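This report sets out the fold of the protein shown below, taking up its sheets, its helices and a few individual residues in turn.

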Amino acid sequence: MLIAMALMVSVTACGNKTGGDSTGAESGQEPASGETAESGTETEGAETSGLESVEPVTLKLAHIYAAEHPFTIGLDEFVEAVSTASDGKLTIEHFSAAQLGDEPSIHEGLKNGTVDMAVMGISEAGKDYEPVLVMDAPFIFSDAKQMLAANESEIGQKLWTDFEAASGIKMMSPIYYGTRQLTTNKKVSTVAELAGMKIRVPSQENSVAVWQTLGATPTPMNLSEVYLSLQTGVVDGQENPIATIVSSGFTEVCDYMNMTSHSVQSCPLFISTSVYEGLDPALRKVLEECVAEYIPAISQSVMDYEDSMVDEIAAGGEMEVNEDVDVEEFRSKLADYIKENESVWGEGVYDALSAVMAN
């Protein structure tokens with residue numbers, strides 16, 4: 001409910017339509033007569049938007065996040081807005097919770113045409129173009145706003161342009177995934193306390209390397225397998241943003257949330273370049289407007305959610321929130337890892353992105 005309320009912030013919908021009757025009414029953005037006025041001009045809008053002669057198109061959008069996750073809730077609103085703004089000419093079918101497979105499968109689908117759009121992590125995208133992995137580097141960003149600004153900066157945009165040229169996949173918008181925290185069944189405040197602990201990580205080389213550097217035993221596995229693995233002791237902990245920790249039920253199977261804040265991450269919205277370029281210009285315009293209108297609201301909802309949930313988790317007593325983490329020790333331990341990866345990311349790119357100021 002908290003996530004849903006955070007997302008029910010009304011905005012003037014893409015294509016100058018409302019994003020839905022309830023959100024328009026609640027926000028006060030539209031006058032009381034707005035719904036009547038809109039329904040009376042629906043046909044006129046279609047005739048003047050260039051959509052009347054456009055053939056209907058259906059796209060598939062996929063990701064791995066649960067129904068309760070802010071991504072899923074926000075993307076539900078986004079796809080509804082696209083349908084409304086395009087007068088039903090552009091339909092986006094939304095497949096959440098790994099319905100179309102894990103992230104590598106979704107990524108492959110973007111490349112072979114079985115998936116048209118996706119929300120996926122930087123580590124997965126980096127398989128196509130390694131320099132973008134710098135966006136996933138530990139301690140590169142101080143918070144979500146800086147991360148979003150870095151993606152939109154000149155150096156960030158060049159990285160994504162080069163990524164598209166290498167991959168055939170277009171990054172449409174960064175989305176704040178969250179700041180990663182470590183959940184365990186043993187309190188961890190120092191790097192030394194990680195020794196020998198089996199920590200679940202995504203099946204990505206950079207994630208494995210980070211936790212090896214910190215002295216843990218990284219254990220790659222799919223997100224869908226983590227709950228049972230924590231419950232049965234196959235792993236001793238895992239690391240994820242708070243929204244994923246809560247929506248995946250990890251508060252039920254871990255005793256501590258250790259506030260390492262080691263990575264401020266995005267999971268961008270991607271689209272196949274060939275699909276994007278193949279859209280009628282009128283539909284492409286609708287899609288771009290809806291991305292600009294709705295996707296930033298998802299990032300904001302994650303920020304709001306994280307702020308509220310730390311207190312809620314602590315008050316609930318199910319999991320102890322450990323704020324007494326020597327974050328500077330973690331940062332220092334990873335300094336050599338960061339230096340070694342400059343050859344992959346590009347000389348000076350880490351420092352340049354770290355220096356970007358939030359808007």
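In this predicted model, strand β8 and strand β10 (residues 237–241) run parallel and are joined by 2 bridges. Within this pairing, Arg200 stands opposite Gln238 of β10. Strand β8 (residues 198–201) also pairs with strand β9 (residues 217–220), in the parallel sense and over 4 bridges. Here the bridge partner of Arg200 is Thr219 in β9.

One of its bridge pairs is Thr184 with Gly237, the latter in β10. As a general point, the strands of a sheet pair through backbone hydrogen bonds, either parallel or antiparallel.

**The two open sheets**

The strands described above belong to an open sheet of 6 strands with mixed pairing, in the order β9-β8-β10-β7-β11-β13. Strands β9 and β13 (320–322) form its edges; each has a single partner strand, so one side of each is left without a neighbour in the sheet. On average, neighbouring strands of this sheet are turned by 35 degrees against each other, direction ignored.

Another open sheet contains 5 strands, again with mixed pairing, and its order is β4-β3-β5-β12-β6. Its edge strands are β4 (90–95) and β6 (169–173), each of which pairs on one side only.

| Strand pair | Sense | Bridges |
|---|---|---|
| β8 and β9 | parallel | 4 bridges |
| β8 and β10 | parallel | 2 bridges |

**Helices against sheets and against each other**

Helix α14 (residues 281–316) lies across β3 (57–62), β4, β5, β6 and β12, and runs at about 50 degrees to β6. Helix α8, by comparison, lies across β7 and β11 (256–266), running at about 20 degrees to β11.

Helix α8 (residues 144–152) also meets helix α9 (residues 154–167): their axes come within 4 Å and cross at roughly 65 degrees. From α8, the residues involved are Ala150, Asn151 and Glu152, which meet Glu154, Gly156, Gln157 and Trp160 of α9. By class, this contact of α8 with α9 has 2 nonpolar, 3 polar and 2 charged residues.

**Individual residues**

Ser173 is found in strand β6. Its relative accessibility is 9%; because values under 20% count as buried, Ser173 is classed as buried. Leaving aside residues up to four places away in sequence, Ser173 touches Pro268, Leu269, Val291 and Ile295.

Asp87 is not a glycine, yet has a positive phi of about 55 degrees; Asp87 is found in the loop between α5 (70–85) and β4. At 24% relative accessibility, Asp87 counts as partly exposed. Ala98, also a residue other than glycine, has a positive phi near 60 degrees and is found in the loop between β4 and α6 (103–112). Ala98 counts as partly exposed, at 32% relative accessibility.

Cys254 is buried, with a relative accessible area of 1%, and Cys267 is buried at 2%. A disulfide is a covalent bond between the sulfur atoms of two cysteines. With a cut-off of 2.5 Å between cysteine sulfur atoms, the count of disulfides comes to 0.

**The chain as a whole**

The secondary structure of the protein chain comes to 18 helices and 13 strands. Of the 359 residues in the chain, 52% are buried. Among contacts between residues at least 6 apart in sequence, 75% join residues at least 24 apart.

Methods:
Residues numbered from 1 in each chain as written. Predicted model: local features only at pLDDT ≥ 70, side-chain atom pairs only at ≥ 80, totals over all residues. Heavy atoms only, no water. Axes fitted to C-alpha atoms, helices over the stretch in contact; angles between N-to-C directions. Contact = heavy atoms within 4.5 Å. Nonpolar A, V, L, I, M, F, W, Y, C, P; charged D, E, K, R; others polar. Pairing = 2+ DSSP bridges. Buried < 20%, exposed > 50% of the residue type's maximum accessible area, 1.4 Å probe, protein only.
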